[in-house]
Amino acid sequence: MTKNTPEIVPESKEKYRDILSSGQLKDLFSRTISYLRVSLTDQCNLRCIYCSPKEVTEKLDCKELLSYEELLRVIDIAVQLGIRKVRLTGGEPLVRRNVISFIRRLASMSDLHDIRLTTNGVMLVRMAEELYEAGIRKLNISLDTLKRQRFRQITGVDCFDQVWQGIERVQAVGFSPIKLNIVALKGINDDEFVDFAGLALSHRLQVRFIEFMPIGRATIENREKYISVDEIKEKISVLGDLEEVTTFRVDGPARVYTLTDKNGTSGRIGFISPISHKFCETCNRLRLTSDGKLRSCLLSDMQTDLKQILRSGGSDDDVKAVLLKTIMDKPKGHTILEKDGVSCVGQMSRIGG
Ligand code: SAM
């Protein structure tokens, strides 16, 4: 469902006042909304089996993407309202032209001190230094296998070595934290969970396992590949003890554990379980899609066309109204399981994973 500019009727003005009253953005379920995820492009240099449908899907024309000026304007307004953390994602954010100068401008925005990036790592060997210099310090790198041949099968591209070199490069440059995100896929990489968990012990990496989510057409073909975090924990427990870190600062949706092996070596493992253990009650996110739609939930197709508002002369107050209305409409929780297996139709690359 796409909605037009929300009309600010007096009754909603009252509700907006509630949302803003504490100096923070609080939704109707008392969640503080402070985090905006931005999909810079739906283009990607990989074609992962679970993210890109088999048939070729149309990519957005660059005129359909929000321009960097438009993005900076929306982010600036969001920061004025109380957003404190921005993650750049996609598609693959690093394939968008002039991304480094955009990040530099974003990093110079006062009151925005936390800019993060999610990448498949393919371009990191080349871009690590300039990314760091532009202002990124915190990286999530997606990697679903440690086997070169399997990497090609999953992503369609033979560049495992390049990604691994990218990981080594960002470690050398000094990014921290560096989190390695693995989507758990039954029959595809479930024989590697122990090897991945071992990286948390042997390298300075936080390893995070993510449950496969039913989003977009590619997931319909892959639904039987879902595997729960409980099964993952069971598999990696052969390495040692897993103890939940209760003192750890809230780390988004991940539940963080310390893994300690029999020699006393320890490392951090995160588990993200949107399906088996919903974490909606702590969700603090909004999402801006690459074609300029604002969403409050990854797993709901409800969104507002912000680009249309920006390009039809909308004022900053109009943009604020959309942000506030989106927060007001943020669902209490996703209903993907109640929908009897009907996944949301939005494409992950457009929405921003
Ligand atoms: N290209 C970047 C990357 O690979 O990290 C950013 C975009 S990608 C869509 C972001 C993350 O979403 C990746 O870690 C990817 O594995 C994950 N992802 C994509 N489809 C998913 C799905 N159906 N369920 C769970 N995670 C998914």
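**Close-up views: ligand site, strand pairings and salt bridges**

A nitrogen atom of the ligand sits 3.0 Å from an N or O atom in the side chain of E92. This is a predicted model, in which local features need pLDDT of at least 70, side-chain atom pairs count only at pLDDT 80 or more, and totals for chains, interfaces and linings use all residues. Residues are numbered from 1 along each chain as its sequence is written, and side-chain values use heavy atoms, with hydrogens and water left out.

View 1. On its own the ligand has 540 Å² of accessible area, and the protein covers 94% of it. Accessible areas come from the Shrake-Rupley method with a 1.4 Å probe; for residues, only the protein chains shown count as cover.

**View 2. The shell around the ligand.** The ligand has 17 residues around it, where near means that a heavy atom of the residue lies within 4 Å. Y50, G91, E92, S142 and M213 come nearest. Which classes make up the shell? It has 6 nonpolar, 9 polar and 2 charged residues. Ala, Val, Leu, Ile, Met, Phe, Trp, Tyr, Cys and Pro count as nonpolar, Asp, Glu, Lys and Arg as charged, and the others, Gly among them, as polar.

View 3. Strands (E, at least two residues) and helices (H or I, at least four) are DSSP runs, numbered from the N terminus. Two strands pair if DSSP finds at least two bridges between them. Strand β8 (residues 241-244) pairs with β9 (residues 255-260) in the antiparallel sense, over 4 bridges. Here D241 stands opposite T260. β9 also pairs with β10 (residues 266-272), again antiparallel, over 6 bridges. T258 has R268 as its bridge partner in β10. The hairpin of β9 and β10 has 5 residues between the strands, and G264 takes a positive phi near 90° there.

**View 4. K138 and D114.** The whole structure holds 17 salt bridges, each a side-chain nitrogen of Lys or Arg within 4 Å of a carboxyl oxygen of Asp or Glu. K138 and D114 form one, at 3.9 Å from N to O. The pair links distant parts of the chain: K138 is in β5 (residues 138-142) and D114 in β4 (residues 114-119), 24 residues apart. K138 is partly exposed at 26% relative accessible area, while D114 is buried at 15%. Buried means under 20%, exposed over 50%, and partly exposed in between (1.4 Å probe, protein chains only).

View 5. D191 forms a salt bridge with R150, the closest N and O atoms being 2.7 Å apart. D191 lies in the loop between β6 (178-184) and α7 (193-202), and R150 in helix α5 (residues 148-155), so the pair ties together parts 41 residues apart in sequence. D191 is partly exposed at 47%; R150 is buried at 18%. E192 also bridges to R150, with closest N and O atoms 2.7 Å apart. E192 and R150 are both buried.

Terms used. Polar contact = N/O pair within 3.5 Å; in protein donor to acceptor, adjacent residues only side chain to side chain.
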